[in-house]
Amino acid sequence: MTTTLLIGDPESTWREWLLGQPNARDLFVLDPGDTHHGPAGMLRWLSNDQPVATEFFGALDPMRFPQILMATLSRWLAQTAHQPPKHLYIQLFPARPTPALRHLILLVAQMVNPDSIVISDAAHFGLEAFPIGPMPTTLERNYPVMVLAAQRKAHWLRLIERTENHIVSLNTVTLGARLGSGLRVTPPDLTKIGVTQIVYAEKQGASLFVVTDAEISERFITRALEMTHSRKAHIVRTGDYDGVLVSFARQNGEDFGVGYIESVDWNAGQFFIKNTAASPTPVPLLKIGSVRINANGKELEEAKPWSI
């Protein structure tokens with residue numbers, strides 16, 4: 001098996017370059033912003049242009065969830081070791097001149113230890129730290145930003161058309177997000193200190209995670225922090241989850257449906273979700289992304305990393 005690592009730049013595309021490569025190949029698309037093979041927010045493994053595996057990423061920026069990218073790459077590399085393809089191409093996200101992204105690209109290169117590295121000659125990236133010297137190449141320019149946004153919207157609309165209605169209980173599902181990562185603070189506990197405007201709260205380490213639309217006074221926040229032995233409060237609004245991309249996954253992390261949150265009934269502890277999985281179905285794990293869309297496929301303001 002020969003392995004080639006592909007490192008592009010924000011203005012270019014690998015589409016035409018890959019057309020000139022052997023047809024009998026496997027391709028890992030580790031660019032969550034790529035829409036050439038389907039909706040954005042996903043990592044993909046293709047064999048001879050046919051899908052083998054898909055991993056929910058939930059964001060367009062690889063630095064939102066780098067741990068998902070690295071874990072997925074590790075798992076897929078282990079699988080190819082059992083049945084090696086003749087040619088394996090690993091298409092990374094576009095290189096940008098930021099320290100964290102540079103470090104992530106170098107970690108991927110060290111993990112893959114490729115036979116060759118091909119890098120866009122428009123990528124402003126130092127070549128000296130790679131395990132093997134990259135070969136610069138000139139890539140075709142990608143579509144304008146507005147065209148790429150329109151492509152993403154078209155994919156979102158096709159995805160929405162395939163979804164069904166689901167109700168997922170907050171009390172029974174495991175959540176892959178900031179929400180659900182702590183210990184629940186019950187409404188009776190909050191009522192004891194006179195805080196009734198908070199609809200949901202968790203103790204997350206040294207932080208108190210609060211869901212509310214009310215403007216809570218500093219006095220009540222201080223009392224809530226004292227009661228939960230927390231040092232700071234992280235407050236989100238009840239509608240911050242509306243439109244957020246989600247994935248239904250099994251306990252082993254395998255995705256079996258993609259969609260978005262329509263709304264949340266915090267009092268009942270229920271998510272109302274549009275998802276491609278057949279309804280009804282048990283949902284052991286709900287992965288929550290950061291990209292947000294509406295029912296018309298329009299992208300809304302993306303949630304900040306680990307804010308929800």
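Predicted model: local features only at pLDDT ≥ 70, side-chain atom pairs only at ≥ 80, totals over all residues.
Which residue forms a salt bridge with Glu55, and how far apart are the closest N and O atoms? The partner is Lys287, and the closest N and O atoms of the pair are 3.1 Å apart.

## Overall form

The chain contains 6 helices and 20 strands. Its radius of gyration is 22 Å, close to the 19 Å that the globule rule gives for 308 residues, so the chain is as compact as a globular protein of that length. Taken along its principal axes, the C-alpha trace extends over about 65 × 40 × 40 Å.

Of the 308 residues, 49% count as buried. When contacts between residues at least 6 apart in sequence are considered, 62% of them join residues at least 24 apart.

Searching the whole structure gives 9 salt bridges.

Asp255 lies in strand β17 (residues 255-265) while Lys287 lies in strand β19, so here the parts that are tied together are 32 residues apart in sequence. Asp255 is buried as well, with a relative accessible area of 17%. These pairs are part of a network of salt bridges that links Glu55, Arg75, Asp255 and Lys287.

## The pair of Glu299 and Arg152

Another salt bridge joins Glu299 to Arg152, and the closest N and O atoms of this pair are 2.6 Å apart. Glu299 is in strand β20 (residues 299-300) and Arg152 is in helix α4, so the pair ties together parts that are 147 residues apart in sequence.

The two partners fall into separate accessibility classes: Glu299 is partly exposed, with a relative accessible area of 27%, whereas Arg152 is buried, with a relative accessible area of 18%.

## The largest pocket

The volume of the largest pocket is about 780 Å³. It is lined by 33 residues, and those closest to its centre are Pro10, Gly33, Pro94, Asn142 and Leu148. Two or more lining residues come from each of the elements β2 (12-13), α1 (15-19), β6 (87-92) and α4 (145-161).

Helix α4 supplies the largest share of this lining, namely 5 residues.

## The enclosed cavity

The structure also holds 1 cavity of 30 Å³ or more, and about 80 Å³ of space lies in the largest cavity. Its lining is made up of 13 residues, of which Phe65, Ile288, Gly289, Trp306 and Ile308 are the closest to its centre.

The residues that line the largest cavity divide into 7 nonpolar, 4 polar and 2 charged.

## An exposed loop residue

Asn113 is placed in the loop between α3 (99-112) and β7 (116-120). Its relative accessibility is 55%, and Asn113 therefore counts as exposed. Although Asn113 and Leu5 are 108 residues apart along the chain, their C-alpha atoms are separated by 8.9 Å.

Technical notes:
Residues numbered from 1 in each chain as written. Heavy atoms only, no water. 1 Å grid on protein atoms, 1.4 Å probe; cavity = no way out; pocket = protein on both sides within 12 Å on 5 of 7 lines; lining within 4 Å. Points joined across faces, edges and corners; volume = space filled by probe spheres on them. Helix = DSSP H or I, 4+ residues; strand = E, 2+ residues; numbered from the N terminus. Salt bridge = Lys/Arg side-chain N within 4 Å of Asp/Glu carboxyl O. Buried < 20%, exposed > 50% of the residue type's maximum accessible area, 1.4 Å probe, protein only. Rg over C-alpha atoms; globule rule 2.2 N^0.38 Å. Contact = heavy atoms within 4.5 Å. Nonpolar A, V, L, I, M, F, W, Y, C, P; charged D, E, K, R; others polar.
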